[in-house]
Amino acid sequence: MSREILFRGKRIDNGEWIEGYYFKANEKHMILNFTVQKNELYHNMYEIEPNTVCQYTGLTGKNGKKIFEGDIFKFNDEVWESSYTACGTEYDSWEVDNYGVVGYDNETARYDFYKYKYGENSVEADLHENHGLEFADFIQELKVGGNIFDNPELLEMENGKNDK
């Protein structure tokens, strides 16, 4: 079984994202992009901003969109709280929004969330493991909500909450 090796980066000339094959030549970071038009194969090379280079994970989200390093996913968790009263233990729960950023984990040699922002009182742990799923299964049920370059506000702190 083979895996598509693909990268994306933001073009220097217009700031748009381009997907293709990444290489470096004469200190310039480039993406080679192929397109087919009327049964003809065309290729173009684009110089990209080096800090925006992201590798394709080989996975797709719920909407079929390719998942790259740096993509941000939003998902809900249910948080439970218990309190002890004269009548016994009472439980309360509520939904919180969590955000995870995709990256490569060298320790496990796989893609996973490398950074996250979690809702107040939400568990700071591997977010997909809270749902009892492996990352690849969990992520395919979500939609890409943005990326760290175009949507950094998704990970900004609110009311002093932590992020990992």
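Two strands count as paired if DSSP finds at least two bridges between them. The model shown here is predicted. Each legend below covers one close-up view.

View 1. The protein has one helix and ten strands. From the N terminus on, the elements run β-β-β-β-β-β-β-β-β-α-β. The protein has 164 residues, and 35% of them count as buried. Its accessible surface comes to about 10,400 Å². Carbon and sulfur atoms account for 45% of that surface. Take the contacts between residues at least 6 apart in sequence: 50% of these join residues at least 24 apart.

**View 2. Strand 2 and strand 3 form a hairpin.** Five bridges join the two strands, which run antiparallel. Tyr22 stands opposite Ile31 in strand 3. Two residues lie between the strands. Asn26 sits in the loop between strand 2 (17-25) and strand 3. Most residues other than glycine have a negative phi. Asn26 is also exposed, at 75% relative accessibility.

**View 3. Strand 3 and strand 4 form a hairpin too.** Eight bridges join these antiparallel strands. Thr35 has Tyr42 in strand 4 as its bridge partner. Met30 is partnered by Glu47, also in strand 4. The hairpin has two residues between its strands, and Lys38 takes a positive phi near 50°. Asn39 lies in the loop between strand 3 and strand 4. Asn39 has a positive phi of about 65°, although it is not a glycine. Is Asn39 buried or exposed? With a relative accessible area of 77%, Asn39 is exposed. The cut-off for exposed is over 50%.

**View 4. Four residues make a nonpolar surface patch.** They are Tyr21, Phe34, Val36 and Leu41, and the patch covers about 420 Å². Phe34 is found in strand 3 (residues 28-37). Phe34 is partly exposed, with a relative accessible area of 41%. In a regular strand the side chains alternate between the two faces of the sheet.

**View 5. Asp71 and Arg8 form a salt bridge.** Side chains of opposite charge can pair when their charged atoms come close. Here the closest N and O atoms are 2.6 Å apart. The pair links distant parts of the chain: Asp71 is in strand 7 (residues 71-85) and Arg8 in strand 1 (residues 7-10), 63 residues apart. How accessible are the two partners? Asp71 is buried, with a relative accessible area of 1%. Arg8 counts as buried as well, at 7% relative accessibility. The cut-off for buried is under 20%.

**View 6. Glu134 and Arg110 form a salt bridge.** The closest N and O atoms are 2.6 Å apart. Glu134 lies in the loop between strand 9 (110-117) and helix 1 (135-139), while Arg110 is in strand 9. The pair therefore ties together parts that are 24 residues apart in sequence. Glu134 is partly exposed, with a relative accessible area of 46%. Arg110 counts as partly exposed at 25%.

**View 7. Lys24 and Glu27 form a salt bridge.** The closest N and O atoms of this pair are 3.8 Å apart. Lys24 counts as partly exposed, at 48% relative accessibility. Glu27 counts as exposed, at 64%.

**View 8. Glu4, Glu19 and Lys66 are linked in a network.** Salt bridges make the links between these residues. How many salt bridges does a search of the whole structure find? The search finds eight.

Terms used:
Residues numbered from 1 in each chain as written. Predicted model: local features only at pLDDT ≥ 70, side-chain atom pairs only at ≥ 80, totals over all residues. Heavy atoms only, no water. Patch = residues over 30% accessible without salt bridge, like charges linked within 9 Å, V, L, I, M, F, W, Y side chains within 5 Å. Areas by Shrake-Rupley, 256 points an atom, 1.4 Å probe, with all protein chains shown as cover. Salt bridge = Lys/Arg side-chain N within 4 Å of Asp/Glu carboxyl O. Helix = DSSP H or I, 4+ residues; strand = E, 2+ residues; numbered from the N terminus. Buried < 20%, exposed > 50% of the residue type's maximum accessible area, 1.4 Å probe, protein only. Contact = heavy atoms within 4.5 Å.
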